[in-house]
Each structure stands twice: as structure tokens, then as C-alpha cells.
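Hi,

Here is the structure I promised to pass on. Have a look at it first, and then read on for what turned up in it.

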Amino acid sequence: MSPARPCTGLRAAVAASLGLSEGPAGSTRSGRLLRPPSPTPAAPGARLLRLPGRGSVRAASPERVGWTEALRAAVAELRAGAVVAVPTDTLYGLACSANCSAALGAVYRLKGRSEAKPLAVCLGRVADVYRYCHVRLPEGLLKDLLPGPVTLVMERSEELNKDLNPLTPLVGIRIPDHAFMQDLAQMFGGPLALTSANLSSHASSLNVEEFQDLWPQLSLVIDGGPIGDGQSPECRLGSTVVDLSVPGKFGIIRPGCALESTTAVLQQKYGLLPSHGSCL
């Protein structure tokens, strides 16, 4: 099992290694602002970076420089043990290093979340799932569902930090269908803990202004623009959470926003059966 990474007192060293400068004297956040501040009023202590291309820039373009700089800033904060707000394919989320036990605790505290509720793990590639999970699924199933708006629950491997979800042998895996999040996970090079950017039991967030009360407790907020149309309640349902820990069966833990398409793949293409207690 990979040991938890030390995560205090590292931000300056990591920022320097990635070519980022220290903030002004007395600043509560290190690293320079990579783009002019958003017109949105910032809460004290928050760093806000507006993502160029609204989460879709990958090809070479004038915006690519800003995209890469935003990635480097986020990676620097994550490696220093900080909590970063990020856009995904479903909702805005809070991300931290899954190997940093202190950062995991910070996520629970700032959300007011019960430690009995597990955090999902965000990865950058389908191939990474086999490192962090014991996969007992039909060949091709993972690639049919990932990347996508689903969280796949499987048996965790010994590679994950023992302080991540210590009360369960399972873990939920996310690979968002979002270019920035895939690039971020790949550039970070390890598992990211991921949860929604809101106080527990409060409505989920589709733009950065909706969780502005959390900004002072975050090191960086990546603004990827509004997610979804924001009009219907369905757009705030989050990912569909599927238990795939029992071979040949599946259980729907949370219907989420992709229930119909997900169950069609599981049942019609792969012949999996709903497990007892599934919410189907």
C-alpha cells in the first residue's frame, strides 16, 4: 500500500518546482494569480482562476497556455495538501490528494460531512482503475461507462491510503467526462479524493458563485463556467452511483443523472442482474 504523503509545509517548495512564485508578504495563499481576477467578488483568502475554453481546450491554441498554467497551479496546491474546487461533467467538486490524510480530514470538516460517508476517487485513465481496485467485471465494461457521469463502486486495492474511507472495503471510482479533470488527474499522477462542492445536505453547485461561502477555506477555485442548463432539478443529481462489487450483479446506490443509459449498458450489453436491495 502506498503510504500517505506528507502534506504540510510543502506548498512553497512545490510551487517553486513548478515555476510558480510565492504570494506577497503576509498572503494566506502562495502562488501567483495566473489570470486577472474574475469580476465575481472574491471572498477573503480565495484564489479564483477562470478556466480558458470553459473546460474543453486541449488542442494547440492561444488559450492552451492559460489552460496549462491552471493545471500547474491546481497540481501545486494538491501536492501541498490543499483542497481545490474543480468543475466536473456533473457538478462542481472539491478535490484533494487521496494520499494526504490531513487533506481528507479538511474536506470532511469544511463540508460538515459525516466521516462515515465515503469519498469517491477520481482518476485520469481507465487503466488506472486496475491499480486502485480489484476489478472483476466483463472485459470492456469500464471503457463503455468511463469517462462518464457515473461512479463505479468496486473492491479497493491495497494501493489506496488506509485513511481514505477506512470503514469500507469498497471505493467509488470517477473519471469525469471533462477534459480539465482528466488532464488534472493525469498531471497529478495519483488518486484524487472527490466530493461535491457544497455543505452536506445543501444543494449541489452548478457554478462557482453557489459555493462562495466555502471559498475562504479553499486554496484555489477553478471556474469552468456554468455546468448544465441549471433549470431542471435533474441537473443537480450528480453522478449515477453503481455497486459493481458482486460479480454478475449491479446495485444502484444513487440514481443520479445517467440512470437509464447506465442500466441499459449493464443489463442489455453485459447481462448483469440487479442485486437485491437495488433501488431499481
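Apart from its neighbours within four places in sequence, Leu184 is in contact with Leu71, Ala74, Val75, Leu78, Val86 and Leu192. Before going further, please keep in mind that this is a predicted model.

So where does that residue sit? Leu184 is part of helix H6. Is Leu184 buried or exposed? It is buried, because its relative accessible area is 0%, and the cut-off for buried is under 20%.

H6 covers residues 179–188 and is mostly covered, with 8 of its 10 residues buried. Which ones are they? The buried residues of H6 are Ala179, Phe180, Met181, Gln182, Asp183, Leu184, Ala185 and Phe188. They pack against helix H2 (64–79) and a set of strands, namely S2 (84–87), S3, S4 (120–122), S8 (192–196) and S9 (220–223). Just after the helix comes Gly189, with a positive phi of about 85°.

Now the wider view. The protein chain has 7 helices and 12 strands, and buried residues make up 52% of its 280 residues. If you take contacts between residues at least 6 apart in sequence, 64% of them join residues at least 24 apart. The accessible surface is about 12,500 Å², and 54% of that belongs to carbon and sulfur atoms.

On to the inside. The largest nonpolar core has 55 residues, and those with the most contacts inside it are Val129, Leu152, Met154, Phe211, Leu218 and Leu244. Several elements each supply at least two residues of this core, among them strand S3 (92–97), helix H4 (126–132), strand S6 (150–156) and helix H7 (259–269). Which element gives the most? That is H3, with 6 residues. There is also a second, separate core of 23 residues, which includes Leu51, Trp67, Leu78 and Ala95.

Setting aside neighbours within four places in sequence, Val129 is in contact with Leu123, Val135, Leu142, Leu146, Met154, Ile173 and Ile175.

Asn161 is in the loop between S6 and S7. Asn161 counts as buried because its relative accessibility is 2%. A polar atom of its side chain lies 3.2 Å from the backbone oxygen of Ala98.

Last, the strands towards the end of the chain numbering given here. S10 (residues 240–243) and S11 pair in the antiparallel sense over 3 bridges, and Asp243 has Gly251 in S11 as its bridge partner. The hairpin of S10 and S11 has 5 residues between the strands, and in it Gly248 takes a positive phi near 85°. On the other hand, S11 and S12 (residues 273–274) pair in the parallel sense over 2 bridges, with Phe250 opposite Pro274 in S12. Going from S11 to S12, the chain passes through H7, and this β-α-β crossover is right-handed.

That's the tour. Over to you!

How values were computed. Residues numbered from 1 in each chain as written. Predicted model: local features only at pLDDT ≥ 70, side-chain atom pairs only at ≥ 80, totals over all residues. Heavy atoms only, no water. Helix = DSSP H or I, 4+ residues; strand = E, 2+ residues; numbered from the N terminus. Buried < 20%, exposed > 50% of the residue type's maximum accessible area, 1.4 Å probe, protein only. Contact = heavy atoms within 4.5 Å. Areas by Shrake-Rupley, 256 points an atom, 1.4 Å probe, with all protein chains shown as cover. Core = buried A, V, L, I, M, F, W, Y, C linked by side-chain atoms within 4.5 Å. Polar contact = N/O pair within 3.5 Å; in protein donor to acceptor, adjacent residues only side chain to side chain. Pairing = 2+ DSSP bridges. Right-handed = clockwise from strand over helix to strand, strands pointing away.
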